[in-house]
Amino acid sequence: MRALTHSEFGDPAAVLSVEHVALPEPGAGEVRVRLLLSPIHNHDLWTIRGTYGFKPELPSRAGTEAVGVVDALGDGVQNLSVGQRVATGGTFGVWAEYFIVKAAALIPVADDLSDEVASQLVAMPFSAISLLDSLDLEPGSWIVQNAANGAVGRMVAQIGRARGVNVVGLVRRSGAVADLAGQGIDRVVAVDTDDWRDRVAEIIGSATIVAGVDSVGGASSGHVLSLLGEGGTLVVFGAMDSPTMELSSGDIIFTQASVKGFWGSKVSTSMDAATRGRLFGELGEHLSSGVLTLPVAATYGLDEAAAAVTANGDARVGKVLLRP
């Protein structure tokens, strides 16, 4: 079979290549899945660069989320069947024609979900809803986030609205405001104008922003922090622009703000089954009703990995997907 691999850490567009490898066999409690579609996530690319919290041994495969079809069952697997469509997130090495995954890590996909939606079901939507749930926000609360036009940013805005939470989004270019408005996402402010803080103040009125989500780093971290009210919480979700956060000590001291990290993989593994079931159930409802949308920007074959990675870095609406 064909699989994307890299023998060194570096620019994914340069180090990824298609290799012909042996078809893997599932062990006890495992399943072999035939890939249909897999999204490119920023954490996938950071892993290939060697800059993520998880650093694989080389040579290494890549990719962590996918939708596919069960192709073979290992000993002891009883609740899945060959030919069944399934999704997984957090399964390393899915950028291949076939991959092995623990049966417990697979989620059966409902017939009414497209492959494009199912391929994105686990990692980003579940991180977004888990993030909101962890903040324990009351209906009517206000939060602010940067990277509002990113995948998680759009989902936080959509799920937040469904929960009655008011979300203010920050983006780096004015054109992104119109892009998000076309998806029904408002309360978005571009920080490329001198009066962007005034615009935020107009949106929230006399309300207080109780939490902020930073997915960018650098100066953008400080932008989010500066908007928090007394006792607010800054949640560090990612570092798309810089691993260094530029924060004002005054903004922390005088508002008694708290800063904490959020790593979806850690949160997911420590979550109890009842909470996980409740959140996945809520996601399903939002997807079925159209409250939550998972658009696709483009789809590339495994042998077009360099072009796919390049496209992932372009301004876009929706995920870039890989297919066999």
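Analyst: We'll go through a helix, the sheets, the cores and some aromatic pairs. Keep in mind that this is a predicted model.

User: Let's start with α5. How many residues does it have, and how far does it reach?
Analyst: Helix α5 covers residues 151–162, which makes twelve residues. From first C-alpha to last it reaches 17 Å. That is close to the expected 16 Å.

User: Is α5 largely enclosed or largely open?
Analyst: Ten of its twelve residues are buried, so α5 is largely enclosed by the rest of the structure. Among the buried ones are Val152, Arg154, Met155, Gln158 and Ile159.

User: What do those buried residues pack against?
Analyst: Their partners include helices α4 (123–134), α6 (175–181) and α11 (273–289). Strands β9 (142–145), β10 (166–171) and β16 (319–323) are also on the list.

User: Which residues does valine 156 contact?
Analyst: Setting aside neighbours within four places in sequence, valine 156 is in contact with Ala128, Leu131, Leu132, Ile143, Gln145 and Val167.

User: And what comes just after α5?
Analyst: Glycine 164 does, with a positive phi of about 80°.

User: OK, sheets. What order do the strands take in the six-stranded one?
Analyst: The order is β11-β10-β9-β12-β13-β14. The sheet is open, and its pairing is parallel.

User: Which strands are at the edges?
Analyst: β11 (188–190) and β14 (258–261) are the edge strands, and each pairs on one side only. From one strand to the next, the twist averages 20°.

User: How many bridges pair β9 and β10?
Analyst: Four bridges, in the parallel sense. Isoleucine 143 stands opposite valine 167 of β10.

User: Which helix lies across β9, β10, β12 and β13?
Analyst: That is α8, residues 219–226. Helix α8 runs at about 170° to β12.

User: Zoom in on valine 171. Where is it, and is it buried or exposed?
Analyst: Valine 171 sits in strand β10. Its relative accessibility is 3%, so it counts as buried; the cut-off for buried is under 20%.

User: What does valine 171 touch?
Analyst: Leaving out residues up to four places away in sequence, its contacts include Ala148, Asn149, Leu180, Val188 and Val191. Take asparagine 149: it is 22 residues from valine 171 in sequence, but their C-alpha atoms are 6.7 Å apart.

User: New topic: the largest nonpolar core. How many residues does it have?
Analyst: It has 39 residues. Ile143, Met155, Val156, Ile159 and Leu287 have the most contacts inside this core. Elements that give it two or more residues include α4, α5, β12 and α11. The largest share comes from α4, with seven residues.

User: What about a second core?
Analyst: A separate one has 28 residues, including Leu35, Ile40, Ala308 and Leu322.

User: How many aromatic pairs are there?
Analyst: The count is five. In one of them, the ring centres of phenylalanine 54 and phenylalanine 92 are 5.1 Å apart, with planes at 80°, so this pair is edge-to-face.

User: Which residues form an aromatic cluster?
Analyst: Trp46, Tyr52 and Trp263 form one.

User: Last one. What is the order of the three-stranded sheet?
Analyst: That open sheet runs β2-β1-β4, with antiparallel pairing. β2 and β4 stand at the edges with a single partner strand each, so one side of each has no neighbour in the sheet. Two bridges join β1 to β4, and histidine 6 stands opposite serine 60 in β4.

How values were computed:
Residues numbered from 1 in each chain as written. Predicted model: local features only at pLDDT ≥ 70, side-chain atom pairs only at ≥ 80, totals over all residues. Heavy atoms only, no water. Expected span 1.5 Å × (residues − 1). Buried < 20%, exposed > 50% of the residue type's maximum accessible area, 1.4 Å probe, protein only. Contact = heavy atoms within 4.5 Å. Pairing = 2+ DSSP bridges. Axes fitted to C-alpha atoms, helices over the stretch in contact; angles between N-to-C directions. Core = buried A, V, L, I, M, F, W, Y, C linked by side-chain atoms within 4.5 Å. Phe/Tyr/Trp six-rings, centres within 6.5 Å; stacked < 30°, edge-to-face > 60°.
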